[in-house]
Amino acid sequence: MINSAKKNLDERWIGAMEQNYGVPAISLVKGKGLYVWDESGKKYLDFLGGIATNILGHADPAVVKAVSSQIRTLGHTSNFYSHPQGVGLAEKLQELVGHQSKVFFCNSGAEANEAALKISRLTGRNRIISTEGSFHGRTMGALSLTGQPAKRAPFIPLLRGVKFLPYGDIRSMERSISARIAMVILEPIQGENGVVPPPPGYLRAVRDLCTKHGVLLCIDAVQTGMGRTGSWFGYESEGIIPDIITMAKGLGGGLPLGAMITVGNDVPHFSPGQHGSTFGGNPVSASAGLASIKVIEKKQLMKSALLMEKSIRRALMKMEGILEVRGRGLLLGIVLKENIASELAALCLDNGLLVNATSANVIRIAPALTVSHVHIQEFAKKFALSLKKVSSHE
Ligand SMILES: *Cc1c(COP(=O)(O)O)cnc(C)c1O
């Protein structure tokens, strides 16, 4: 069903763009709430949310209002000057963390982890523990922390001194951690790896080991944060306090915004001149972040995320071909019995549903926190239809 406008844009895309994403399957021109439209006018139910980023869906009125009024008033200042939006958002994040903390703003998840990496060097140590299958970003530093060999291989040599341990395996952490390690970095749920949660108690046990050896614990909440998994940062269910939290994706309500938050007394801090970002935490992105947090609070969307998770799980339970559903809140991995995930995602697209295949047998969904029962019914219908079609091809 490739229309000529799309074909034309594909050709232009190939002619103009670096090919790192492969040719995108569709191109979008409009979004509203949980829906997006392509240039032929076809409507899609968006259950991927710009990869866990459009936390309130598309064109949320509060975000639109905050951003448009801010760009009209003051758009960019550089960090030579302060502004109420940046300070206001930092104070709000401090409140959400609930412990003594300080905030550095940047524009993306990779940059937030770069900042954490630089903070870890200020301990005077330079070894880091990360986990196999983890994803922390694509810049050279963040890639050095990412436990996915295929993404790393073309770009070696990366930073030295990073050790990758099996995710969720506390024994190997016990064996490898020592006072020579600067930082352990962990996702509360591994997102890009196919929504893999650790066994219960893992984060708690890692926290205890880090405390014992004086090692910084950085929680990469870039994908799990902003209420997506039923709490602000995704680690709260284990009652731990990290030394560093990194955020991005949903933080800006769809605008580019990242943050690195240092927590407590045991973490070093940047001194003037040691780090920076031209755009980081600019008034427009900060106003979008602040507006998004207020909506999440006002509409109690974290509670809703957990209720909607139940509803999605109930719907999926009735379908054949699914081995398990893992994850929490509105970050879920649908594990299929067979390796049909990319074919299934393509059929979902045909049927007007956006989801993402993270591997041969896992479909990831990360809809906006504003998802409702009606959306979930529509999702279930389209997903079941696609699943039936792909199974009948087998
Ligand atoms: C997406 C992601 C990143 C990288 O974020 P970018 O904004 O793409 O740089 C880092 N960590 C996690 C856990 C992510 O999901």
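Reply: Residues are classed here as nonpolar (Ala, Val, Leu, Ile, Met, Phe, Trp, Tyr, Cys and Pro), charged (Asp, Glu, Lys and Arg) or polar (the others, Gly among them). The model is predicted, with local features needing pLDDT of at least 70 and side-chain atom pairs pLDDT 80 or more, while totals for chains, interfaces and linings use all residues. Residues are numbered from 1 along each chain as its sequence is written, and side-chain values use heavy atoms, without hydrogens and water.

A pocket is an open set of points on a 1 Å grid over the protein atoms alone, where a 1.4 Å probe fits and protein lies on both sides within 12 Å along at least five of seven lines; its lining residues have an atom within 4 Å of a point. Volume is the space filled by probe spheres set on the points, which are joined across faces, edges and corners.

The largest pocket holds about 1,700 Å³ of space. Its lining has 49 residues, and Tyr21, Leu48, Gly50, Ile51 and Arg364 lie nearest the centre. By class, 24 lining residues are nonpolar, 18 polar and seven charged. Helices (DSSP H or I runs of at least four residues) and strands (E runs of at least two) are numbered from the N terminus. At least two lining residues come from each of helix 2 (49-52), helix 5 (109-121), helix 12 (341-350) and strand 13 (353-354).

For reference, the second largest pocket has about 710 Å³ of space. It is lined by 26 residues, with Asn79, Val103, Phe104, Phe105 and Gly280 nearest its centre. That lining divides into 10 nonpolar, 15 polar and one charged.
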